[in-house]
Amino acid sequence: MDVESVEAALRQVLAGDCFVPPISAHQADGLTLRQVEVLRLLGAGCSNRDIATALHITERTAKAHVSAIFALFAVENRTQAVLAAQRAGLL
């Protein structure tokens, strides 16, 4: 990040907003098909249990996919992941 971007992010956080860094094309390309499916369900507000049921996987596997998405987008929660995906045009 350049200095101007860091300053803008700090101003946003100090104003009480949440900063979600933009994702790169490389990060978006790193998603598996299953992670894209999980991401769409996250965008719909689904819990790990809902995701597991919808995709016929275990809740533990759903949680692993969610964690992988968080790591890929360098975010800490579902809201940030969904916002990052929206910015990338994935949702």
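Visitor: What should I know about the model before we start?
Guide: The model is predicted, so local features need pLDDT of at least 70 and side-chain atom pairs count only at pLDDT 80 or more, while totals for chains, interfaces and linings use all residues. Residues are numbered from 1 along each chain as its sequence is written, and side-chain values use heavy atoms, with hydrogens and water left out.

Visitor: How many salt bridges does a search of the whole structure find?
Guide: The search finds 3. A salt bridge here is a side-chain nitrogen of Lys or Arg within 4 Å of a carboxyl oxygen of Asp or Glu. Side chains of opposite charge can pair when their charged atoms come close.

Visitor: What makes Glu7 and Arg11 a salt bridge?
Guide: The closest N and O atoms of Glu7 and Arg11 are 3.7 Å apart, and the limit is 4 Å, so the pair counts as a salt bridge.

Visitor: Where do Glu7 and Arg11 sit in helix α1?
Guide: They are 4 residues apart in helix α1 (residues 3-14), so about one helical turn separates them. Helices are DSSP runs (H or I, at least four residues), numbered from the N terminus.

Visitor: Why is Arg11 called exposed, and Glu7 partly exposed?
Guide: Buried means under 20% relative accessible area, exposed over 50%, and partly exposed in between, with a 1.4 Å probe and protein chains only. Arg11 has 53% relative accessibility and therefore counts as exposed. Glu7 has 39%, so Glu7 is partly exposed.

Visitor: How do you know that Arg34 and Glu37 form a salt bridge?
Guide: Their closest N and O atoms are 3.0 Å apart, which is within the 4 Å limit. Arg34 and Glu37 are 3 residues apart in helix α3 (residues 33-43), with about one helical turn between them. Arg34, at 29% relative accessibility, is partly exposed, and Glu37, at 30%, is partly exposed.

Visitor: What parts of the chain does the pair Glu59 and Arg49 link?
Guide: The side chains of Glu59 and Arg49 meet in a salt bridge at 3.6 Å, N to O. This pair links distant parts of the chain: Glu59 is in helix α5 (residues 59-73) and Arg49 in helix α4 (residues 48-55), 10 residues apart. Glu59 has 38% relative accessibility and so counts as partly exposed, whereas Arg49, at 55%, counts as exposed.

Visitor: Is Asn48 buried or exposed?
Guide: Asn48 has a relative accessible area of 16% and the cut-off for buried is under 20%, so Asn48 is buried. Asn48 is found in helix α4. Leaving aside neighbours within four places in sequence, Asn48 is in contact (heavy atoms within 4.5 Å) with Glu59, Ala62, Lys63, Val66 and Arg78.

Visitor: What makes α3 roughly perpendicular to α6?
Guide: α3 and helix α6 (residues 78-87) pack at an angle of about 110 degrees, with their axes 9 Å apart. Angles under 35 degrees count as roughly parallel, over 145 as roughly antiparallel, 65 to 115 as roughly perpendicular and the rest as oblique. The angle therefore makes α3 roughly perpendicular to α6. Axes are lines fitted to C-alpha atoms, for helices over the stretch in contact, and angles run from 0 to 180 degrees between N-to-C directions.

Visitor: Which residues make the contact of α3 with α6?
Guide: Leu39, Leu42 and Gly43 of α3 meet Arg78, Ala81, Val82 and Ala85 of α6.

Visitor: Why is α3 called oblique to α4?
Guide: The axes of α3 and α4 come within 10 Å and cross at roughly 130 degrees. That angle falls among the rest, so α3 is oblique to α4. The contact is made by Arg34, Glu37, Val38, Leu41 and Leu42 of α3 and Ile51, Ala54 and Leu55 of α4.

Visitor: What is the phi of His56, and where does His56 lie?
Guide: Phi of His56 is near 55 degrees, a positive value in a residue other than glycine. His56 lies in the loop between α4 and α5, and at 74% relative accessibility His56 counts as exposed.

Visitor: Where is Ala74 found?
Guide: Ala74 is found in the loop between α5 and α6. Ala74 has a positive phi of about 55 degrees although it is not a glycine. Its relative accessibility is 55%, so Ala74 counts as exposed.

Notes:
Helices (H or I, at least four residues) and strands (E, at least two) are DSSP runs, numbered from the N terminus.
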